[in-house]
Amino acid sequence: MTSSDKHTAKGLSAEIRQGIGHLAKHILEKVLPVIDLESGGEVVRIDGIFVRREPGTQRPGTAAPSSKAKVSTEGYDKLASYKSQEPRLVMLGNFLQHMIQCTELQSEGKKVEIDGFRLKNLPFWVRYPQPRVLDNFGEICSWCSCSCEICFLKGTATEYTKKAMLSVVEARTRAKYFSTEKKLGLPVGHAQPGEPFLNPRIMDILRIARNAEPGLLLDITTNADFLTEKVIQELAGLKPVCIVVSINSANGPLRRKIMRSDHAEVAIKAIPLLREAGIQFVGSIVGPASVPVEDIAETARYLDRYSALQVRLLLPGFTRFHPKEVAFDTLPRWGDIVKTAQQLRQEFSTPIMIQPGFFWNQDISAVLDGIYRNSPAERAGLKFGDRIVEIDGQIIITKAEASDLLRVTPEERAQRGCFRRSLKVERGDEIFEVELRDDSAVEDDFYPYKPAGYGLCDRSFRGQYFGIHLIDGFRLESLKTIKESIDKHPGARKVLLFTTPLAKNLFAQAAMIVGRSPEFKLDSVELHVTLAEQRFWGGNIMIGDLHVVQDYIDHILMLEKGGYRPDLVLIPRSFVGEWGFDVLGGSYSEIERKTGVPVELLTNVRVMM
Ligand code: SF4
């Protein structure tokens, strides 16, 4: 017998198998202080580990931390969804999957089949930033009742491995291990976003969230197909609530066609019912090329008629993975939607937001992007397009500065009193001053800005206070971060900075404003700002956060072929998670390895929208 015969895939020799078994047993003993093993969803205390004579056939299912998952061979796949946030969980699952095949485990003298694990010390794992307990729950349901023709899920090639239907037990555990003070929670698996009201326990889950964070605005995105009168009444009992309704069209037959919805009329009827119940709501409209812009306008008017807090127009996006028929000529279509929004702004006062915001607002300064109806800002006479030049005597240059100063401070929140800001505002050639006061009590009804029963929310809608909406802006400090990163590489002369088509102008404006001042000035450095092609996603995707590692590698190598080789590459880090993986699981360190050029990831630099 040759040595290769001895080690065929089907049967390793008995000695080698025993050796692997002993190794597995040894490592398993080391891992058990960190995890509890499960059998049939229950924790089992292991009091014996033996090396198997023959490899086991069991393929252990694994559960989300703390959940009593059903025994299933799909369990391990579920765990893979934690890769970007907490790869150590995937490693543990991998280890168990292989090791348990070499070992036999006993509990109270009896053999047990292990099908999952849970983390032993959950307080230790409360370390992941989450703005609110609902985010710490993850997806409430990860499939949808509709099938929109331009649904983002049809254009994705990433595997949303976790098909989640949140259980009440899991929600309770996640609420228990969420620090409302520090805003930290347990790791959340990456799951496909779906329709939350398909979860039969949605109301129990929302009640758990409400009890965990009394007074906090619960904002829930839904296609509203299940928002019947009864459901809306139940939601009213959980105020403050803000429902983001993906309405897309207020025309029943058209909505049914573009969303392939069986409950198109329920969602349309939900709008007046939300108003009647005093629940704040936002209406969102995606306008695929098959929907006439007149229908977009009609839907926006419908939302305005029932006092939506905001009308949100989402500029439709498609990738190369979408069916070919949904593709369209991007700039004319987006231009038509923006033109429609401009006309509607003359007609009614409900703020109209267009996303991505940088497509239509390319101004870094503190120009107001919207004023909420019945808000302190509206009462003070502020209008869309006004420019804030001073807040409480402080000169304002950017939107980001204005947002920071308008946000209620922790001290103000602790006092629970009246919030005030004095603003100097520019409108055309005129400069005037206004005083904003927000001192509304729980019972005051300023629908839709602050409906009765909403009190002082700990988190008003999207963090905006006084009723002023400012889209997320470019921060001048970003330029300081760029300088600090370059200073770490004293020899670097040719520096390549990645941005996106939408953010390029904003970056240029910021550089013009402060680029010459000593703390931002880049001495003896030749900064080359570039746009990486979205090769992986293709279509009309422009958002930098969706770039993948290979896009950057290709772009740097392409520049090199053309004769430009940088000494240093700067990339905003928002395209990777905490562990440095992109959406496809590629590590950013590959960029440096494949191109040979040092890479610095820039934290908190918004040049990627
Ligand atoms: S409602 Fe949203 S998640 Fe559901 S199919 Fe439409 S776009 Fe996709």
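Analyst: One term before we start: a nonpolar core is a set of buried Ala, Val, Leu, Ile, Met, Phe, Trp, Tyr and Cys residues joined through C-beta atoms within 7 Å. Also, this is a predicted model.

User: Fine. Which residues touch the most other members of the largest nonpolar core?
Analyst: Ile205, Ala209, Val245, Ala270, Phe281 and Ile468 do, in a core of 81 residues. At least three residues come from each of domain 2 (124-332) and domain 3 (370-469).

User: And what does Phe281 touch, leaving out residues up to four places away in sequence?
Analyst: Cys242, Ile243, Val245, Leu274, Ala308 and Leu309.

User: What does a second, separate core include?
Analyst: That core has 33 residues, among them Ile482, Val495, Trp537 and Ile556. As background, nonpolar side chains tend to be buried together in soluble globular proteins.

User: Back up a bit. How many helices and strands does the chain have?
Analyst: The chain has 19 helices and 23 strands. It runs to 609 residues, and 40% of them count as buried. Take the contacts with a separation of 6 or more: 77% of them are between residues 24 or more positions apart.

User: Ile205 and Ala209 were on your core list. Which residues of H7 are buried?
Analyst: H7 spans residues 202-212, and its buried residues are Ile202, Ile205, Leu206, Ile208, Ala209, Arg210 and Ala212.

User: What covers them?
Analyst: The cover includes helix H5 (133-137), helix H6 (168-176) and strand S9 (218-222).

User: Where is Cys148?
Analyst: Cys148 sits in the loop between H5 and H6.

User: Buried or exposed?
Analyst: Buried, because 20 other C-beta atoms lie within 10 Å of Cys148, and 20 or more is what counts as buried.

User: Which residues does Cys148 touch, beyond those up to four places away in sequence?
Analyst: Ile258 and Met259. Cys148 and Ile258 are 110 residues apart in sequence, yet their C-alpha atoms are 5.7 Å apart.

User: Switching to helix pairs. How do H11 and H12 cross?
Analyst: Their axes come within 10 Å and cross at roughly 35°. H11 covers residues 293-305 and H12 covers residues 330-347. The crossing is right-handed.

User: Which residues make the contact?
Analyst: From H11, Val293, Ile296, Ala297 and Ala300; from H12, Asp336, Ile337, Thr340 and Leu344. By class that gives six nonpolar, one polar and one charged.

User: And H2 with H4? At what angle do the axes cross?
Analyst: At roughly 140°, with the axes of H2 (residues 14-31) and H4 (residues 87-99) coming within 11 Å. This crossing is left-handed.

User: Which residues meet there?
Analyst: Ala24, Ile27, Leu28 and Val31 of H2 meet Leu92, Phe95 and Met99 of H4. The contact has seven nonpolar residues, no polar and no charged.

User: Last one. Where is Lys521, and why does it count as exposed?
Analyst: Lys521 is in the loop between helix H17 (504-514) and strand S21 (526-531). Lys521 counts as exposed because it has 12 C-beta neighbours inside 10 Å, and the cut-off is 12 or fewer.

Technical notes: Residues are numbered from 1 along each chain as its sequence is written. This is a predicted model: local features need pLDDT of at least 70, side-chain atom pairs count only at pLDDT 80 or more; totals for chains, interfaces and linings use all residues. Helices (H or I, at least four residues) and strands (E, at least two) are DSSP runs, numbered from the N terminus. Two residues are in contact if their C-beta atoms, placed from the backbone, lie within 7 Å. Domain bounds come from an automatic or database domain assignment. Axes are lines fitted to C-alpha atoms, for helices over the stretch in contact, and angles run from 0 to 180 degrees between N-to-C directions. A crossing is left-handed if the near helix is turned anticlockwise from the far one by less than a right angle, and right-handed if clockwise. Ala, Val, Leu, Ile, Met, Phe, Trp, Tyr, Cys and Pro count as nonpolar, Asp, Glu, Lys and Arg as charged, and the others, Gly among them, as polar.
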